[in-house]
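Subject: A structure for you to look at

Hi there,

I am passing a structure on to you, with a few notes on what turned up in it. Have a look first, then read on below.

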Amino acid sequence: MTFAQLFDLAFGNLFRFFKEITFRKEERGRVAWPFVGTLLLVLVYGLIMLFSASYSTGYYRMGGDIYYYIRPQVGIAIFGIGLMFIISFVNYRSLRHLQWYLYFGTLALLVLALFSKDQNGCHRWVYLFGSSLQPSELAKFSTILGISCWADANYEKRGDFLHGIVGTLLPLIPFVILLYMEPHNSAIILIILIAGTMMFCGGVGLRWLFPVGAVGAAGLLFMLTSQDNYVQQRLGAWGLTSGGDEQVLYQTQQSLYSIASGGLTGLGIGNSRQKHLWLPEATNDFIFSVLCEELGFIGAIICIVLFAALIIQGIFIALRCPDYFGSMLGIGIMAQIAWQTFCHIGVVTATLPNTGISLPFFSSGGTSLLILLCEMGVMLSISRAGNAQAAAQNQREQEALARRMRSGTPGRRNPV
């Protein structure tokens, strides 16, 4: 391999990224403002609930600082919204050139996390420049971008086993192994669900998807339960295995007490009793329980309806995209939001085993919120391309109608 080839391999895609980073004028349409409006409603709802759920924990455990959790979250939300609109002007097609940089960068961070200090026996965070970063959040978007690039590059061959299954799933194996070593099993489950959804919706390896998925699910279940670890304990607390963890069972019980206390209309915003150190992880994995306790069944339904509206609008944006790559990218991003919301609500209501999954835009966590808002920026970029195509089509139809009218083409006469 020559020096020029090595240089192109290392830096060529960066040059190509900056070359394609902006839309051409005819491709830059307006953003999907209804989507933005729904997103801001979800985000504001989430920030209000986070402050309500976190001020007690901040007061008792963080030296009386009731703003300990909400202060950085608001700052990241404001910064993230600005970044979202900046990214909306970036041509989403240029992201293809960043795929391998993101992939290997994420792998490096996942390896680095294994050597960081543990929290509750887990190595999930990387500590850089006085702040913490959770590489698993990057792994989700890296998965979405990688599958979109591969499916687009192998569009004609996406239905066969080699390109549809092996080529799509092989790059995910290092992610799964490193996340298993952390351990971060909920991230593994989410990545597999996102990948499966993208493959199904994009027709990638569709003929082989269900048998391979069944074998993969069995293998994953064996991998997670073959050792005497916290997965066994959580499944035991849920009733699937003989073992059980009293602490995990306690979490689920307190979550159900919170939901039951809320009734139809709730105890009122800020009036939750369970968040006063009775409900573990009230600021993160069980924030929906606090929402149910304070705002009741009505508040929970409003939250679910807002998420459903956001996801449905996102799917329409993906389907209106002018190209297959953008559609796959949009479907992957909305699949992440949908599965994460479903699993979080499933856990707090004891519909699913306790896996510790955050609620998008609600739970405390700067890495998650910032990456989610960047992904929303990608969705807005896709919406610009779709709206530009629709506007161009509408203009062509109007021009064709005007030409027919100028040419005096007779219309159909009404019968006498």
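Please keep in mind that the model is a predicted one.

As background, side chains of opposite charge can pair when their charged atoms come close. With a salt bridge taken as a Lys or Arg side-chain nitrogen within 4 Å of a carboxyl oxygen of Asp or Glu, the count comes to 9 salt bridges.

Another of these pairs joins Arg93 and Asp323, at 3.0 Å from N to O. Arg93 sits in the loop between helix H3 (70–88) and helix H4 (99–114), while Asp323 sits in the loop between helix H12 (287–319) and helix H13 (324–348), so their bridge ties together parts that are 230 residues apart in sequence. Is Arg93 buried or exposed? Its relative accessibility is 16%, and because buried means under 20%, Arg93 counts as buried.

Then there is the salt bridge between Asp152 and Arg96, at 3.7 Å from N to O. This pair, too, links distant parts of the chain: Asp152 belongs to helix H5 (residues 135–153) and Arg96 to the loop between H3 and H4, 56 residues apart. Asp152, at 25% relative accessibility, counts as partly exposed, and Arg96, at 31%, is also classed as partly exposed.

Some bridges share partners, and in this way Arg24, Glu26, Glu27, Arg93 and Asp323 are joined into one network.

Now for the overall picture. The protein has 14 helices and 2 strands. Its radius of gyration is 24 Å, close to the 22 Å that the globule rule gives for 416 residues, so the protein is as compact as a globular protein of that length. The C-alpha trace spans about 80 × 65 × 45 Å along its principal axes.

Buried residues account for 47% of the 416. Of the contacts between residues at least 6 apart in sequence, 76% join residues at least 24 apart.

Enjoy exploring it!

Best wishes

Note on methods
Residues numbered from 1 in each chain as written. Predicted model: local features only at pLDDT ≥ 70, side-chain atom pairs only at ≥ 80, totals over all residues. Heavy atoms only, no water. Helix = DSSP H or I, 4+ residues; strand = E, 2+ residues; numbered from the N terminus. Buried < 20%, exposed > 50% of the residue type's maximum accessible area, 1.4 Å probe, protein only. Rg over C-alpha atoms; globule rule 2.2 N^0.38 Å. Contact = heavy atoms within 4.5 Å.
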